[in-house]
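Hi everyone, thanks for making time.

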Amino acid sequence: MKKALSLMLVAGLMTGLVSSAHAAKKPVVMFEDATGDADNAQGAGQSIPGGFDLVGGTLALKGKNLEFVVSQADMPPTGSGPEGFRLLYHFGAGDEQYRFTVKSVDIGKPDVVAGGTGQERVGQVYQGVARLEQCGEEATAALTLVQCSTSVYVEAVFDPAAATITWQLPLSEIGAKKGTLITGGTDGAAATSCQVCWVPHYAERSLTPTTVIDFAAITGTFKV
């Protein structure tokens, strides 16, 4: 009887541990944003189509990958057209700062401004890409540029039916281990009200208030 009771207690304890592990993997809300606040007019005489209204974002652990999900009030244009717009997502992992540039269409080309650094896939066209970068700033006479070096590309799924954009990042790419905290980014364009934001293609390296279509602040913290 004592042995049976001990086995039951161990089984119960193991069940509790498994339940806790599953609970830790549930999506965490990283940011929320009001519906209808996207500046599709851009405030500078440039008309921007609808589809860039951020609603919120979550982060979850899927095996050995971080899964980023961004929800939209309506979806940006997708398809085989030229690169027109991109989603910037700044985050910190431990002591390191990173940025994702997410596009429905990616045309690989040399990064002339940054001196060709990173892993630009020259001459190739991809549908749905999230590009992980680490960025720094370079002051010029006219403005301060954000310079980024690419470390990895992952697939980004644009789902019009669910109004979501989803991509996964292997933990090994950012050296994240158990206990690593994932937070909102603090450097680069994140300092210009763009922790998460939609911008036109040309505004990736130098942001001003009139080039941000919609933005949100990351308030959540995810613990790996």
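**A walk through the strands**

Let's start with strand 8, residues 164-170, which is mostly covered: five of its seven residues are buried. Before I go on, please keep in mind that this is a predicted model.

Who sits beside strand 8? Strand 3 pairs with strand 8 in the antiparallel sense, over seven bridges. To find your place in that pairing, look for Val69, which stands opposite Thr166 in strand 8.

Now let's step back to the whole chain. The protein chain has one helix and 12 strands. Read along the sequence, the pattern is α-β-β-β-β-β-β-β-β-β-β-β-β, so if you are looking for the helix, go to the start of that pattern. Of the 224 residues in the protein chain, 44% are buried. The chain exposes about 11,300 Å², and carbon and sulfur atoms supply 59% of that area. How much of the contact comes from residues 24 or more positions apart? Taking the contacts with a separation of 6 or more, such residues account for 64%.

Strand 3 covers residues 65-72 and runs antiparallel to strand 2, with eight bridges joining them. Within that pairing, Leu59 has Phe68 in strand 3 as its bridge partner. Strand 2 and strand 3 form a hairpin with two residues between the strands, and there Gly63 takes a positive phi near 65°.

Strand 2 also pairs with strand 1. Strand 1 is residues 28-32, strand 2 is residues 54-62, and the two are antiparallel over four bridges. Here Val29 has Thr58 in strand 2 as its bridge partner.

Is Leu54 buried or exposed? Leu54 counts as buried because its relative accessibility is 0%. Leaving out residues up to four places away in sequence, Leu54 touches a list of residues that includes Asp33, Val70, Leu87, Cys197, Trp198 and Phe215. Leu54 and Thr164 are 110 residues apart in sequence, and their C-alpha atoms are 9.8 Å apart in space.

The next stop is Asn65, in strand 3. Asn65 counts as partly exposed because its relative accessibility is 22%. With neighbours within four places in sequence left aside, Asn65 is in contact with Ala60, Gln168, Leu169, Pro170 and Leu171. Asn65 and Pro170 are 105 residues apart in sequence, yet 4.3 Å apart in space, C-alpha to C-alpha.

Next, a few spots in the loops. Ala163 lies in the loop between strand 7, residues 144-159, and strand 8. Ala163 has a positive phi of about 55° although it is not a glycine.

Thr180 is in the loop between strand 8 and strand 9, the latter being 181-184. Why does Thr180 count as buried? Its relative accessibility is 16%, and the cut-off for buried is under 20%. Not counting residues up to four places away in sequence, Thr180 touches Ala93, Gly94, Phe222, Lys223 and Val224.

On to the cysteines. How many disulfides are there? The count comes to one, and it is formed by Cys194 and Cys197, with their sulfur atoms 1.7 Å apart. Cys194 and Cys197 are both buried.

What lines the largest cavity? The lining consists of His90, Gln97, Tyr98, Arg99, Glu133, Gln134, Cys135, Asp187 and Gly188. Strand 5, at 96-107, and strand 6, at 125-139, each supply at least two residues of that lining.

Note on methods. Residues are numbered from 1 along each chain as its sequence is written. This is a predicted model: local features need pLDDT of at least 70, side-chain atom pairs count only at pLDDT 80 or more; totals for chains, interfaces and linings use all residues. Side-chain values use heavy atoms; hydrogens and water are left out. Two strands pair if DSSP finds at least two bridges between them. Buried means under 20% relative accessible area, exposed over 50%, partly exposed in between (1.4 Å probe, protein chains only). Contact means heavy atoms within 4.5 Å. Accessible areas come from the Shrake-Rupley method with a 1.4 Å probe; for residues, only the protein chains shown count as cover. A disulfide is a pair of cysteine sulfur atoms within 2.5 Å. On a 1 Å grid over the protein atoms alone, a cavity is a set of points where a 1.4 Å probe fits but cannot get out, and a pocket is an open set with protein on both sides within 12 Å along at least five of seven lines; lining residues have an atom within 4 Å of a point.
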